[in-house]
Structures are given as structure tokens and as C-alpha cells.
Amino acid sequence: CDYVGAGTVEFLMDENLDFYFLEMNTRLQVEHPVTEMITGLDLVELQILVARGEKLPFAQEDLSINGHAMEVRVYAEDPLNNFLPSVGNLKRYRIPEGPGIRVDGGFTEGMDIPIYYDPMLAKLITWGKTRDESIQRMREAIAQYEVEGPATTLLFARFVMDHPAFLSGNFDTNFVKYFFSPEILVESERKDAEIAAKVALCLHLKEGNKIREVAY
């Protein structure tokens, strides 16, 4: 098609593992950090070079894939209310940090989430030597992510990271339809809270025993 520039070609795969052309986006996709994490390339910089008429500083055979990466879109949407937008003030907003963790975002603590635009707060990307390592790093990053104010899709993202279908890779575009419901998420949160309460009680009792031992 004689296209020059950054672009993304998308395909769909059916149950027989046959691929079908879906579309071509003549721009960077929101998921481009995944490619950057596994290739070590800066696609934004490279598309600017191409737009300026410069040549790419590498050939196709120079490229290689290193490890696994995945991306979660952090939206100000409520997964317990049919993923409807959840606007408001970011009373607390702390992003995760660490090796293999990347956050591309445009909001900081104290800002308001408006009703006029797409409510994406950030893109959370993790890298690992293996897919399992990337998933585990994503779990840790989600646990570090602190948001107070609007509801976000982080709870849903954690649900996905723990789901057997996602872990096995045996899922399709009907994942939400087949596996997710707000009730499941509420029950999962209830169990997590119960476990946390039991751990806190156990630590409290141990600390109390230490104090009594010192007193004696």
C-alpha cells in the first residue's frame, strides 16, 4: 500500500488458529509501549525520524524480541457499575515504581478527572523474562498503585491477572462476557479483606504476647 511511517496491522484469530486481517492503523497504538519494552526501541522517536525524511538506524534483521511485556489501561471507570465513567478529584494518586514497571500517564495527585474526555488515567506496563514473570510484576504494580477519589479499573485488572483463563492463555474477546461479573469482584474483595483482617489480628496477638513477656 506504499505506506511510510509508524503503523499497526491488526489480525483476528479464530478457534482453528487461522489469522484474518482486521485493519491497519496508520499511527502508533495505545499499546505501543509493549513493543518498546520487548525491543528496546523508542517508537515515538523513530516515527519522528521517518516524518523528517531520515532513514531508520537499523534493518529488520537487527531486531529481536527480548522477554515478555503486557499493558493495563488504568481508567477512571467503575467495574462494579458496568464500567461507567467515575469522575472526580484525585485525592491521592501514587504510581508504582521498580524494575520492569513503566507508567505512561497524564494525571497527578490533586487533579480533577473531567467528564469531557476519555477517562484513561494512565497505561501501566510491565516486563519480565517470561510471561509468568511479567504477570507477577503486573500484580505487584497494581498492588502498589494508590488511587483515592474516582473508581478505577485496577480491581478488574487484578481479577484478570489472577484468572485461570488468562493465565493459561485459553481465552478470547468474550472474556468479560464469560468470566466477569461485578458480584465476582465484590466476593473476591470480601475474601481479600477477610484474609487481611485475619493476618492483622494474628500480628496483633503476637505483638501482645511479646509485650506481656517483656512485662513478666
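Predicted model: local features only at pLDDT ≥ 70, side-chain atom pairs only at ≥ 80, totals over all residues.
Local features are taken at pLDDT of at least 70 and side-chain atom pairs only at pLDDT 80 or more, whereas totals for chains, interfaces and linings use all residues. Residues are numbered from 1 along each chain as its sequence is written, and side-chain values use heavy atoms, with hydrogens and water left out.

The largest nonpolar core holds 28 residues, of which Leu121, Leu124 and Met161 touch the most other members. Such a core is a set of buried Ala, Val, Leu, Ile, Met, Phe, Trp, Tyr and Cys residues joined through side-chain atoms within 4.5 Å; buried means under 20% relative accessible area, exposed over 50%, and partly exposed in between, with a 1.4 Å probe and protein chains only. At least two residues of this core come from each of strand S3 (68-75), strand S10 (120-128), helix H3 (131-144), helix H4 (154-162) and helix H5 (164-168). Helices (H or I, at least four residues) and strands (E, at least two) are DSSP runs, numbered from the N terminus. With six residues, H4 gives the most to this core. A second, separate core has five residues, among them Ala6, Leu28, Leu43 and Leu46. In soluble globular proteins, nonpolar side chains tend to be buried together.

Strand S10 is mostly covered, with eight of its nine residues buried. S10 runs antiparallel to S3, and eight bridges join the two strands; two strands are taken to pair if DSSP finds at least two bridges between them. Within this pairing, Trp127 of S10 is the bridge partner of Ala69. Strand S8 (residues 101-105) is also antiparallel to S10, through five bridges, and here Val103 has Leu124 as its bridge partner. Beyond neighbours within four places in sequence, Leu124 is in contact (heavy atoms within 4.5 Å) with residues including Met70, Val72, Val74, Ile101, Val103, Met138 and Ile142.

Nine salt bridges are found in the whole structure, a salt bridge being a side-chain nitrogen of Lys or Arg within 4 Å of a carboxyl oxygen of Asp or Glu. Arg158 and Asp162 form one of these, with their closest N and O atoms 2.7 Å apart. These two residues are separated by about one helical turn because they lie four residues apart in helix H4. Arg158 is partly exposed at 33% relative accessible area, and Asp162 is partly exposed at 34%. In helix H3, Glu133 and Arg137 are likewise four residues apart, and their side chains meet in a salt bridge (3.6 Å, N to O). Arg137, at 18% relative accessibility, is buried, while Glu133, at 28%, is partly exposed. A further salt bridge joins the side chains of Arg52 and Glu54 (2.9 Å, N to O); Arg52 is exposed at 60% relative accessibility and Glu54 partly exposed at 35%. Glu36, Arg102 and Asp104 are linked in a network of salt bridges.

Strand S1 (8-13) and strand S2 (19-25) each supply at least two residues of the patch. Phe19 lies in S2 and is exposed, with 59% relative accessibility.
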